[in-house]
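I opened a new page for this one and jotted things down as I looked them up. Here are my notes, in the order I made them.

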Amino acid sequence: MATTEGALIASVNRGMKTLREAGEVTTKIFFDGMARAPVFKFKSIRDAHDFVKWVYSSMEKIREVAESTTSHGKLKDVQVFSLANNVWLRLVFETGDAMGMNMATLASEEVCRYIEENFRGAKCIAVSGNMCSDKKQSMINSVFGRGKTVSAEITIPKEVVEKDLHTTAEQIHEVNLRKNWLGSARAGNIFQFNAHFANIIAAIFLATGQDMAQVVESSSGYTWTEVRDGDLYVSVTLTSLEVGTVGGGTRLPTQREALSIMGVEGSGNPPGANAKKFAEIIAAAVLAGELNLLAALANKELGRAHKRLGRNIKA
Ligand SMILES: CC(C)(COP(=O)([O-])OP(=O)([O-])OC[C@H]1O[C@@H](n2cnc3c(N)ncnc32)[C@H](O)[C@@H]1OP(=O)([O-])[O-])[C@@H](O)C(=O)NCCC(=O)NCCSC(=O)C[C@@](C)(O)CC(=O)[O-]
Ligand SMILES: NC(=O)C1=CN([C@@H]2O[C@H](COP(=O)(O)OP(=O)(O)OC[C@H]3O[C@@H](n4cnc5c(N)ncnc54)[C@H](OP(=O)(O)O)[C@@H]3O)[C@@H](O)[C@H]2O)C=CC1
């Protein structure tokens with residue numbers, strides 16, 4: 001992790017120590033796909049409607065055109081949206097170990113060229129029509145996923161919660177409900193029912209050569225807790241985690257080294273395996289950070305910790 005947040009390393013470290021003592025973290029990827037969504041304009045809604053019908057009947061050809069630009073990318077879905085005489089095609093790609101934004105953009109440009117040549121009156125206004133949605137918070141990413149949708153979970157015995165986090169499952173659960181859920185809802189937040197996913201995501205992105213601007217949507221998600229016979233069940237779900245282990249800034253030597261420490265540098269076997277494993281490691285780290293901050297809030301430790309670790313003042 002690379003961060004200027006004074007207490008963050010200590011925070012995630014204590015969370016990880018707790019997870020390690022509690023047992024195994026389970027992680028699962030529920031969705032994997034990078035989206036690019038060109039916007040097309042038509043003369044009338046009649047033409048836009050005909051175009052949508054044509055797209056559904058031309059899926060195989062569109063897939064062939066898209067995949068002609070890449071050996072790793074696979075077009076897995078075309079999601080169609082319209083507004084008056086405008087149509088967006090949200091092209092969703094499996095991108096192997098790459099985060100895939102260049103790969104998906106190059107493939108989408110080829111699809112746009114094919115459409116303009118083969119459907120009379122279709123004009124591609126922009127290869128990115130914001131239904132993608134890259135580097136912006138959006139409901140579409142939260143609902144459909146972008147990059148990877150990944151969850152991590154663990155149940156922590158009450159003795160471990162008390163020893164390492166100096167609190168109880170009940171107190172952590174109450175902070176989660178009243179802060180992350182009720183507080184976020186009252187604040188009008190619709191994407192981030194969590195405490196500080198962004199802290200961990202930003203620090204890992206910087207250390208491993210990810211695209212920093214994608215922290216915006218990659219830190220969307222939910223923290224869920226339950227008290228189970230005094231033990232704490234805790235889980236995190238990241239809806240749109242956009243990461244890669246090849247391409248972009250992962251080519252830089254220090255960033256490559258950070259990925260190799262986790263055993264996920266470069267191409268996986270099969271391709272995509274490294275990026276998936278990396279996403280699961282990130283979800284587990286987010287779980288550690290989230291668990292620990294909820295405990296620190298329950299204990300009223302926040303100000304004291306930041307005084308000591310941020311300002312270097314003994315509390
Ligand atoms: C700071 C602690 C962990 C102390 O907590 P403690 O229990 O007094 O710590 P300890 O000294 O007894 O050490 C326990 C363990 O913590 C770790 N640890 C402890 N110190 C270090 C260190 N210097 N470097 C690395 N690891 C450290 C380490 O794992 C250690 O185990 P050990 O190795 O000794 O067996 C605790 O008070 C704490 O976590 N406080 C909360 C800090 C925090 O989570 N900040 C997050 C950022 S806040 C923010 O940016 C977002 C926010 C809050 O605004 C979002 C929101 O609205 O919610
Ligand atoms: N163009 C845009 O609109 C945007 C670009 N970006 C930038 O794009 C970059 C990331 O794009 P991205 O496409 O991920 O990376 P790159 O553009 O660096 O391309 C990665 C290429 O690596 C090849 N490759 C080799 N091994 C593998 C493997 N195991 N799995 C997958 N691909 C492999 C693929 O080639 P092949 O396709 O031939 O198979 C792939 O296209 C970042 O720098 C980011 O900042 C960010 C946002 C928007």
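Before anything else, I wrote down my cut-offs: buried means under 20% relative accessible area, exposed means over 50%, and partly exposed is in between. I also noted that this is a predicted model.

Salt bridges came next. I found 16 of them in the structure.

I looked up D211, which has a relative accessible area of 28% and so is partly exposed. Its salt bridge partner is K135, with the closest N and O atoms 2.8 Å apart. K135 lies in the loop between strand 5 (123-126) and helix 5, while D211 lies in the loop between helix 8 (197-208) and helix 9 (215-218), so the pair ties together parts 76 residues apart in sequence. K135 is partly exposed too, because its relative accessibility is 32%.

Then I checked E217 and R146: they form a salt bridge, the closest N and O atoms being 3.6 Å apart. E217 sits in helix 9 and R146 in the loop between helix 5 and strand 6 (147-156), so this pair ties together parts 71 residues apart in sequence. Are these two buried or exposed? I got buried for both E217 and R146. Shared partners link D134, R146, E217 and E242 into one network of salt bridges.

On to helix 3. I saw R63 and E60 meet there in a salt bridge (2.8 Å, N to O). They are three residues apart in helix 3, so about one helical turn separates them. E60 is exposed at 55%, whereas R63 is partly exposed at 24%.

Last entry: I found a nonpolar surface patch of about 370 Å², made by M139, V143, F144 and I190.

Key:
Residues numbered from 1 in each chain as written. Chains lettered and ligands numbered in written order. Predicted model: local features only at pLDDT ≥ 70, side-chain atom pairs only at ≥ 80, totals over all residues. Heavy atoms only, no water. Patch = residues over 30% accessible without salt bridge, like charges linked within 9 Å, V, L, I, M, F, W, Y side chains within 5 Å. Areas by Shrake-Rupley, 256 points an atom, 1.4 Å probe, with all protein chains shown as cover. Salt bridge = Lys/Arg side-chain N within 4 Å of Asp/Glu carboxyl O. Helix = DSSP H or I, 4+ residues; strand = E, 2+ residues; numbered from the N terminus. Buried < 20%, exposed > 50% of the residue type's maximum accessible area, 1.4 Å probe, protein only.
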